[in-house]
Amino acid sequence: MLLRGLLGPGAAAWSAISGLRGLVLLLLCLGGAVRASEITFELPDNAKQCFYEEIAQGTKCTLEFQVITGGHYDVDCRLEDPDGLVLYKEMKKQYDSFTFTASRNGTYKFCFSNEFSTFTHKTVYFDFQVGEDPPLFPSENRVTALTQMESACVSIHEALKSVIDYQTHFRLREAQGRSRAEDLNTRVAYWSIGEAIILLVVSIGQVFLLKSFFSDKRTTTTRVGS
């Protein structure tokens, strides 16, 4: 109390801001408690890639994927439980999301297949979340209402999660747009080179055609004069 009085109200405000900053860092650490696999990988043509995850019964899981580059931006996806029962199966999907609750303990398998493509490889992103976020406070599920600080912490936590999701989707859209732009640029360059070659061939042909006309006229004039 004496220290706060000596430093003045500005120091007290800075102390509150520092405490709030530390609280935000704590929220970020708590937000990472959920098991999640977020990977971007290359899927060659005529290839299949599978991933495995150990999941406990009753756990809520979400699988989200998107094809970033390659071909028509589509891929086959298949999800199986430990007994081999197919929980999710889609053919030639560009992006999708699937949520399920594990019915039993064991290793769940999900695969991405590009076997239908003969010469185009793909770049695939997926996010596999296992479980839900734990409560920020041990007493969050109590009957009484949260304090103003606790409500603010929960709101900040939810806002940060939304920011992370939006940033991820914007990065994916940016990567996909860049890939399409580069592909379009390559096609335009090849088309321009082809037009230049055709124009050069036509120009050379016209020169030789005009030259043949003049040579025929000169031969006819020489014959008439002789």
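1. A word on terms to begin: contact means heavy atoms within 4.5 Å. This is a predicted model, in which local features need pLDDT of at least 70, side-chain atom pairs count only at pLDDT 80 or more, and totals for chains, interfaces and linings use all residues. Residues are numbered from 1 along each chain as its sequence is written, and side-chain values use heavy atoms, leaving out hydrogens and water.

2. Gln66 sits in strand 3 (residues 60-69); strands are DSSP runs of E, at least two residues, numbered from the N terminus. Leaving aside residues up to four places away in sequence, Gln66 touches Gln94, Tyr95, Thr123, Val124, Tyr125, Leu172 and Gln176. Its relative accessible area is 12%, so Gln66 is buried (under 20% is buried, over 50% exposed, in between partly exposed; 1.4 Å probe, protein chains only).

3. Now the cysteines. Taking a disulfide as a pair of cysteine sulfur atoms within 2.5 Å, the count is one. The partners are Cys50 and Cys111, with sulfur atoms 2.0 Å apart. Their link is right-handed, with 105 degrees about the S-S bond. It joins distant parts of the chain, 61 residues apart: Cys50 in strand 2 (residues 48-55) and Cys111 in strand 7 (residues 106-113).

4. How exposed or buried are the two partners? Cys50 is partly exposed at 24% relative accessible area, while Cys111 is buried at 4%.

5. Cys77 is buried at 2% relative accessibility, and Cys153 is buried at 1%.

Methods:
Helix = DSSP H or I, 4+ residues; strand = E, 2+ residues; numbered from the N terminus.
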